[in-house]
Amino acid sequence: MELRVTNLACARGGLTVLEGVSFTLRPGHALVLRGPNGIGKTTALRTLCGLQPALAGEVSVPPESMAYAAHADGLKATLTVTENLAFWAAVYGTDLVEDALQRMNLDALRDRMAANLSAGQKRRLGLARLLVTGRPIWVLDEPTVSLDAASVALFAGVIRAHLAAGGMALIATHIDLGLDEAEILDLGPFKARSPRDGGPASAFDEAFT
Ligand SMILES: Nc1ncnc2c1ncn2[C@@H]1O[C@H](COP(=O)(O)OP(=O)(O)OP(=O)(O)O)[C@@H](O)[C@H]1O
(Lines give C-alpha, C1' and ligand atoms only; values in the text may rest on other atoms or scores of the structure.)
Protein backbone atom coordinates (compact mmCIF):
# COMPACT_ATOMS: atom_id res chain seq x y z
CA MET A 1 0.00 0.00 0.00
CA GLU A 2 1.16 3.50 -0.78
CA LEU A 3 -0.45 6.87 -0.09
CA ARG A 4 -1.14 8.77 -3.30
CA VAL A 5 -2.53 12.28 -3.00
CA THR A 6 -3.66 13.88 -6.23
CA ASN A 7 -4.60 17.52 -6.74
CA LEU A 8 -5.87 17.98 -3.21
CA ALA A 9 -7.56 21.28 -2.40
CA CYS A 10 -8.62 22.13 1.11
CA ALA A 11 -10.29 24.96 2.98
CA ARG A 12 -10.35 26.48 6.43
CA GLY A 13 -13.02 28.81 7.70
CA GLY A 14 -14.73 28.70 4.32
CA LEU A 15 -11.64 29.87 2.46
CA THR A 16 -9.53 27.77 0.13
CA VAL A 17 -6.01 27.63 1.56
CA LEU A 18 -4.24 25.04 -0.59
CA GLU A 19 -4.87 23.62 -4.04
CA GLY A 20 -3.16 21.20 -6.40
CA VAL A 21 -1.28 19.32 -3.67
CA SER A 22 0.06 16.04 -5.04
CA PHE A 23 2.56 13.55 -3.66
CA THR A 24 3.17 9.87 -3.19
CA LEU A 25 4.34 8.29 0.05
CA ARG A 26 5.67 4.74 -0.15
CA PRO A 27 6.14 2.16 2.60
CA GLY A 28 9.26 2.85 4.61
CA HIS A 29 9.29 6.54 3.72
CA ALA A 30 8.61 9.82 5.51
CA LEU A 31 7.51 13.12 4.05
CA VAL A 32 7.95 16.40 5.92
CA LEU A 33 5.51 19.20 5.09
CA ARG A 34 7.10 22.61 5.30
CA GLY A 35 5.76 26.11 4.97
CA PRO A 36 5.30 29.28 7.00
CA ASN A 37 2.72 29.65 9.76
CA GLY A 38 -0.75 29.71 8.29
CA ILE A 39 0.07 28.15 4.91
CA GLY A 40 -2.31 25.28 5.66
CA LYS A 41 -0.26 22.37 7.00
CA THR A 42 -2.77 21.50 9.72
CA THR A 43 -5.64 21.95 7.29
CA ALA A 44 -4.00 19.59 4.78
CA LEU A 45 -3.33 16.93 7.42
CA ARG A 46 -6.89 17.14 8.78
CA THR A 47 -8.25 16.80 5.27
CA LEU A 48 -6.06 13.80 4.45
CA CYS A 49 -7.22 12.05 7.62
CA GLY A 50 -10.86 12.55 6.72
CA LEU A 51 -11.58 14.98 9.57
CA GLN A 52 -12.87 17.50 7.06
CA PRO A 53 -13.92 17.14 3.44
CA ALA A 54 -11.55 17.95 0.60
CA LEU A 55 -12.68 20.63 -1.86
CA ALA A 56 -11.11 18.63 -4.67
CA GLY A 57 -8.66 15.84 -5.30
CA GLU A 58 -8.13 12.25 -4.34
CA VAL A 59 -6.53 10.35 -1.50
CA SER A 60 -5.76 6.76 -2.42
CA VAL A 61 -6.21 5.17 1.01
CA PRO A 62 -9.05 5.39 3.53
CA PRO A 63 -8.69 7.35 6.80
CA GLU A 64 -8.71 4.00 8.62
CA SER A 65 -5.12 3.46 7.40
CA MET A 66 -3.97 6.54 9.26
CA ALA A 67 -3.21 7.48 12.85
CA TYR A 68 -3.38 11.23 13.40
CA ALA A 69 -1.52 13.02 16.18
CA ALA A 70 -2.93 16.53 16.38
CA HIS A 71 -1.78 19.54 18.41
CA ALA A 72 -4.01 18.38 21.26
CA ASP A 73 -3.10 15.04 22.80
CA GLY A 74 -6.66 13.98 23.60
CA LEU A 75 -5.72 12.47 26.94
CA LYS A 76 -8.25 11.35 29.53
CA ALA A 77 -7.04 13.41 32.50
CA THR A 78 -8.41 11.14 35.24
CA LEU A 79 -7.04 7.91 33.76
CA THR A 80 -3.50 6.73 34.36
CA VAL A 81 -0.90 6.49 31.63
CA THR A 82 -1.56 2.76 31.24
CA GLU A 83 -5.32 3.25 31.32
CA ASN A 84 -5.13 5.87 28.59
CA LEU A 85 -3.18 3.50 26.37
CA ALA A 86 -5.48 0.60 27.22
CA PHE A 87 -8.46 2.74 26.22
CA TRP A 88 -6.93 3.43 22.82
CA ALA A 89 -5.81 -0.17 22.38
CA ALA A 90 -9.45 -1.20 22.92
CA VAL A 91 -10.61 1.39 20.39
CA TYR A 92 -8.14 0.17 17.78
CA GLY A 93 -8.42 -3.51 18.71
CA THR A 94 -4.74 -4.05 19.47
CA ASP A 95 -2.65 -5.40 22.33
CA LEU A 96 0.30 -3.03 22.12
CA VAL A 97 0.14 -1.16 25.43
CA GLU A 98 3.31 -2.60 26.99
CA ASP A 99 5.25 -2.10 23.79
CA ALA A 100 4.17 1.55 23.64
CA LEU A 101 5.02 2.14 27.32
CA GLN A 102 8.54 0.83 26.83
CA ARG A 103 9.27 2.50 23.54
CA MET A 104 8.07 5.94 24.61
CA ASN A 105 9.90 5.69 27.93
CA LEU A 106 6.68 5.82 29.97
CA ASP A 107 7.11 2.71 32.09
CA ALA A 108 8.12 4.62 35.24
CA LEU A 109 5.02 6.80 34.82
CA ARG A 110 2.59 4.00 34.05
CA ASP A 111 0.41 4.48 37.16
CA ARG A 112 0.37 8.28 37.18
CA MET A 113 -2.83 10.09 36.26
CA ALA A 114 -2.51 11.90 32.94
CA ALA A 115 -3.58 15.14 34.66
CA ASN A 116 -0.42 14.97 36.76
CA LEU A 117 2.07 14.59 33.92
CA SER A 118 4.34 17.40 32.79
CA ALA A 119 3.72 18.93 29.37
CA GLY A 120 6.46 16.88 27.75
CA GLN A 121 5.31 13.69 29.46
CA LYS A 122 1.77 14.33 28.22
CA ARG A 123 3.15 14.73 24.74
CA ARG A 124 5.05 11.44 25.00
CA LEU A 125 1.81 9.74 26.04
CA GLY A 126 -0.08 11.37 23.19
CA LEU A 127 2.53 10.09 20.76
CA ALA A 128 2.51 6.63 22.35
CA ARG A 129 -1.07 6.38 21.08
CA LEU A 130 0.38 6.10 17.56
CA LEU A 131 2.09 2.88 18.58
CA VAL A 132 -1.07 1.26 19.94
CA THR A 133 -3.09 2.03 16.82
CA GLY A 134 -1.14 -0.48 14.75
CA ARG A 135 -1.91 1.71 11.72
CA PRO A 136 0.62 2.03 8.90
CA ILE A 137 0.42 5.75 8.10
CA TRP A 138 1.30 8.18 10.87
CA VAL A 139 0.12 11.74 10.31
CA LEU A 140 1.89 14.05 12.72
CA ASP A 141 1.17 17.72 13.32
CA GLU A 142 4.08 19.38 15.12
CA PRO A 143 4.73 16.21 17.13
CA THR A 144 7.72 17.52 19.07
CA VAL A 145 6.07 20.51 20.78
CA SER A 146 7.00 20.41 24.51
CA LEU A 147 9.56 17.63 24.04
CA ASP A 148 13.11 18.07 25.30
CA ALA A 149 16.08 17.12 23.13
CA ALA A 150 16.25 13.58 24.53
CA SER A 151 12.56 12.99 23.87
CA VAL A 152 12.83 14.39 20.34
CA ALA A 153 15.64 11.91 19.68
CA LEU A 154 13.60 9.12 21.27
CA PHE A 155 10.60 9.91 19.11
CA ALA A 156 12.72 10.20 15.96
CA GLY A 157 13.95 6.69 16.75
CA VAL A 158 10.36 5.48 17.12
CA ILE A 159 9.49 6.95 13.72
CA ARG A 160 12.57 5.33 12.20
CA ALA A 161 11.55 1.94 13.58
CA HIS A 162 8.04 2.46 12.19
CA LEU A 163 9.50 3.17 8.75
CA ALA A 164 11.86 0.21 8.98
CA ALA A 165 8.82 -2.00 9.63
CA GLY A 166 7.22 -0.76 6.40
CA GLY A 167 5.21 2.10 7.91
CA MET A 168 4.91 5.63 6.60
CA ALA A 169 4.99 9.07 8.22
CA LEU A 170 3.66 12.41 7.07
CA ILE A 171 4.94 15.14 9.35
CA ALA A 172 4.30 18.85 9.63
CA THR A 173 7.16 20.31 11.61
CA HIS A 174 9.24 23.44 11.84
CA ILE A 175 12.16 21.71 13.55
CA ASP A 176 14.73 19.29 12.24
CA LEU A 177 13.78 15.87 13.56
CA GLY A 178 17.06 14.43 12.41
CA LEU A 179 15.28 12.17 9.95
CA ASP A 180 17.77 12.64 7.16
CA GLU A 181 16.00 10.08 5.05
CA ALA A 182 12.74 12.09 4.99
CA GLU A 183 11.72 13.89 1.83
CA ILE A 184 10.57 17.51 2.08
CA LEU A 185 7.45 18.97 0.50
CA ASP A 186 7.26 22.76 0.54
CA LEU A 187 3.59 23.77 0.52
CA GLY A 188 4.38 27.34 -0.60
CA PRO A 189 3.74 26.68 -4.30
CA PHE A 190 0.32 25.20 -3.49
CA LYS A 191 -1.02 28.24 -1.67
CA ALA A 192 -4.46 29.01 -3.12
CA ARG A 193 -4.36 32.10 -5.26
CA SER A 194 -7.80 33.17 -4.20
CA PRO A 195 -10.27 31.91 -1.66
CA ARG A 196 -13.05 32.20 -4.22
CA ASP A 197 -12.51 33.06 -7.85
CA GLY A 198 -8.82 33.25 -8.69
CA GLY A 199 -8.58 36.99 -8.00
CA PRO A 200 -6.45 38.66 -5.35
CA ALA A 201 -6.68 37.39 -1.79
CA SER A 202 -9.34 39.07 0.29
CA ALA A 203 -8.52 41.34 3.21
CA PHE A 204 -10.01 38.70 5.47
CA ASP A 205 -7.63 36.06 4.18
CA GLU A 206 -4.64 38.36 4.52
CA ALA A 207 -5.57 38.97 8.12
CA PHE A 208 -4.98 35.31 8.87
CA THR A 209 -1.77 34.64 6.93
N1 LIG B 1 -11.84 29.36 11.67
C2 LIG B 1 -11.07 29.93 10.76
N3 LIG B 1 -11.58 30.88 9.94
C4 LIG B 1 -10.82 31.45 9.00
N5 LIG B 1 -9.54 31.13 8.78
C6 LIG B 1 -9.00 30.21 9.57
C7 LIG B 1 -9.72 29.55 10.59
N8 LIG B 1 -8.92 28.67 11.19
C9 LIG B 1 -7.73 28.81 10.57
N10 LIG B 1 -7.78 29.72 9.60
C11 LIG B 1 -6.68 30.10 8.70
O12 LIG B 1 -6.43 29.04 7.82
C13 LIG B 1 -5.05 29.07 7.41
C14 LIG B 1 -4.44 27.69 7.53
O15 LIG B 1 -4.28 27.36 8.91
P16 LIG B 1 -3.44 26.07 9.35
O17 LIG B 1 -3.63 25.92 10.81
O18 LIG B 1 -3.81 24.93 8.48
O19 LIG B 1 -1.93 26.54 9.02
P20 LIG B 1 -0.54 25.88 9.41
O21 LIG B 1 0.31 25.89 8.18
O22 LIG B 1 -0.77 24.56 10.07
O23 LIG B 1 0.03 26.93 10.45
P24 LIG B 1 1.08 26.78 11.68
O25 LIG B 1 2.44 26.57 11.09
O26 LIG B 1 0.98 28.13 12.35
O27 LIG B 1 0.60 25.67 12.57
C28 LIG B 1 -4.39 30.12 8.29
O29 LIG B 1 -4.14 31.27 7.51
C30 LIG B 1 -5.39 30.35 9.39
O31 LIG B 1 -5.32 31.68 9.90
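## Phe87 in helix α2

Phe87 lies in helix α2, residues 81-92; helices are DSSP runs of H or I with at least four residues, numbered from the N terminus. The model is predicted: local features need pLDDT of at least 70, side-chain atom pairs count only at pLDDT 80 or more, and totals for chains, interfaces and linings use all residues. Residues are numbered from 1 along each chain as its sequence is written.

Phe87 counts as partly exposed because it has 16 C-beta neighbours inside 10 Å. A residue is buried with 20 or more other C-beta atoms within 10 Å of its own, exposed with 12 or fewer, and partly exposed in between, the C-beta atoms being placed from the backbone. Leaving aside neighbours within four places in sequence, Phe87 is in contact (C-beta atoms, placed from the backbone, within 7 Å) with Lys76 and Leu79. Val21 is 66 residues from Phe87 along the chain, and their C-alpha atoms are separated by 35 Å.

## Nonpolar core

A nonpolar core is a set of buried Ala, Val, Leu, Ile, Met, Phe, Trp, Tyr and Cys residues joined through C-beta atoms within 7 Å. The largest one has 51 residues, of which Leu85, Ala128, Val139 and Leu170 touch the most other members. Helix α4 (residues 119-133) supplies the largest share of this core, six residues.

Residues up to four places away in sequence not counted, Ala128 touches Leu85, Ala100, Met104 and Leu106.

## Helix α1

Helix α1 spans residues 41-48 and is mostly covered, with six of its eight residues buried. The buried residues are Lys41, Thr43, Ala44, Leu45, Thr47 and Leu48. Gly50 follows α1 and has a positive phi, near 80°.

Technical notes:
Helices (H or I, at least four residues) and strands (E, at least two) are DSSP runs, numbered from the N terminus. Two residues are in contact if their C-beta atoms, placed from the backbone, lie within 7 Å.
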